[in-house]
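Student: Can we go through this one piece by piece? I'll ask, you answer.

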Amino acid sequence: MQWNLEQIRLFVSVAEGRSFSAVGREMRRAQSAVSGAIAALEDDLGVVLFERSSGKQPKLTEAGAAMLEEAREVLRQCQRLDGRAKGLVRGEEVRLRLALDEAMPYQPVLDSLEDLARVFPMVEMQLTNVSQGDVALKVVEKRADLGLLFRSGEMPSSLERQRLGLVEMVTVCGVGHPLATLGHVDLRELARHRQLLLPPQDNQYPDSKQLSPEVWRTDSFYQMAELLMRNLGWAWLPRHVVQYPTYRNHLIELTSDWSPPSLVVELVCRRDESLGPAARWLADCLGERLRAIG
């Protein structure tokens with residue numbers, strides 16, 4: 001391979017509807033130099049890229065049209081390389097790993113990640129959705145740089161915690177459940193029906209009351225919502241889970257005498273490792289968006 005990036009740039013410029021002379025003027029090169037560079041590229045590639053007719057604009061051959069997008073991709077890759085190098089000089093992370101609770105509000109997270117891609121386009125993002133108890137563990141074991149979770153009573157001493165916002169909890173049942181026909185339910189009425197709760201041994205969330213003697217347990221708010229859709233009980237769920245499109249027309253919020261406290265969203269990171277600019281920016285963005293829904 002003898003061709004170079006300058007030849008690729010000339011090929012793309014000429015292919016985008018411009019003459020050899022126009023490209024030469026822009027790059028302050030003689031028309032013959034541009035034509036010669038393209039001819040050398042054709043020799044190196046072993047294909048004819050342009051049809052040349054006296055007095056006419058160069059026209060791509062079938063082979064040239066096939067090679068054009070490949071050439072553009074080479075130039076785009078060079079831009080990515082330059083951007084990555086400049087980011088490293090500024091101290092940007094090469095990769096940012098975020099572990100988050102699977103029940104985290106999805107819209108603020110997705111909006112924040114979309115903004116991150118715009119502000120830090122060269123940073124590779126790695127997302128891991130796990131159960132609440134595993135979020136902090138991934139950060140402690142250096143398998144994640146940031147952890148997004150709901151506050152629990154215990155937290156490893158090696159982690160820094162930052163409060164970002166609140167997630168409201170609501171009382172919910174399926175639209176076909178007997179409770180759905182009542183305008184208001186008190187605690188005694190709730191206690192007459194099966195209650196869905198998180199397993200106590202795995203429960204890293206704020207404690208919820210067990211009201212009913214009949215209880216089913218699952219370690220996922222989303223699985224709980226699936227059971228509620230089948231009218232298998234009632235539960236306290238984060239409001240954003242209830243409003244998820246899959247469940248929106250199948251679950252109903254109940255007014256009741258008592259609801260558990262809102263879940264507190266926290267961001268955690270290792271105390272012995274400083275965050276890069278992308279991580280700090282993402283933390284601020286997540287906080288802003290989560291406070292907005294709280």
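**Serine 112 and its surroundings**

Tutor: Beyond its neighbours within four places in sequence, serine 112 is in contact (heavy atoms within 4.5 Å) with Trp281, Leu282, Cys285, Leu286 and Arg289. This is a predicted model, in which local features need pLDDT of at least 70 and side-chain atom pairs count only at pLDDT 80 or more, while totals for chains, interfaces and linings use all residues. Residues are numbered from 1 along each chain as its sequence is written, and side-chain values use heavy atoms, with hydrogens and water left out.

Student: Where does serine 112 sit, and is it buried or exposed?

Tutor: Serine 112 lies in helix H5. Helices here are DSSP runs of H or I with at least four residues, strands are runs of E with at least two, and both are numbered from the N terminus. Serine 112 is buried, at a relative accessible area of 0%. Buried means under 20%, exposed over 50%, and partly exposed in between, with a 1.4 Å probe and protein chains only.

Student: How do H5 and H10 cross?

Tutor: The axes of H5 (residues 106–119) and H10 (residues 277–293) come within 9 Å and cross at roughly 145°. Axes are lines fitted to C-alpha atoms, for helices over the stretch in contact, and angles run from 0 to 180 degrees between N-to-C directions. The residues in the contact of H5 with H10 are 12 nonpolar, one polar and three charged. Nonpolar covers Ala, Val, Leu, Ile, Met, Phe, Trp, Tyr, Cys and Pro; charged covers Asp, Glu, Lys and Arg; the others, Gly among them, are polar.

Student: Which residues meet there?

Tutor: On the H5 side they include Pro108, Ser112 and Val119, and on the H10 side they include Ala278, Trp281 and Ile293.

Student: Switching to the sheet. What is the strand order?

Tutor: Five strands form an open sheet in the order E4-E3-E5-E12-E6, with mixed pairing. Two strands pair if DSSP finds at least two bridges between them. The edge strands, E4 (124–130) and E6 (159–167), each pair on one side only.

Student: And how do E3 and E4 pair?

Tutor: E3 (residues 95–101) pairs with E4 in the parallel sense over seven bridges. Alanine 99 has threonine 128 in E4 as its bridge partner. H5 packs on this sheet, touching E3, E4 and E5 (146–150), and its direction makes about 165° with that of E4.

Student: Last one: why is helix H1 called largely enclosed?

Tutor: Eight of the 11 residues of H1 (residues 5–15) are buried, so the rest of the structure largely encloses this helix. Among the buried ones are Ile8, Phe11 and Val14.
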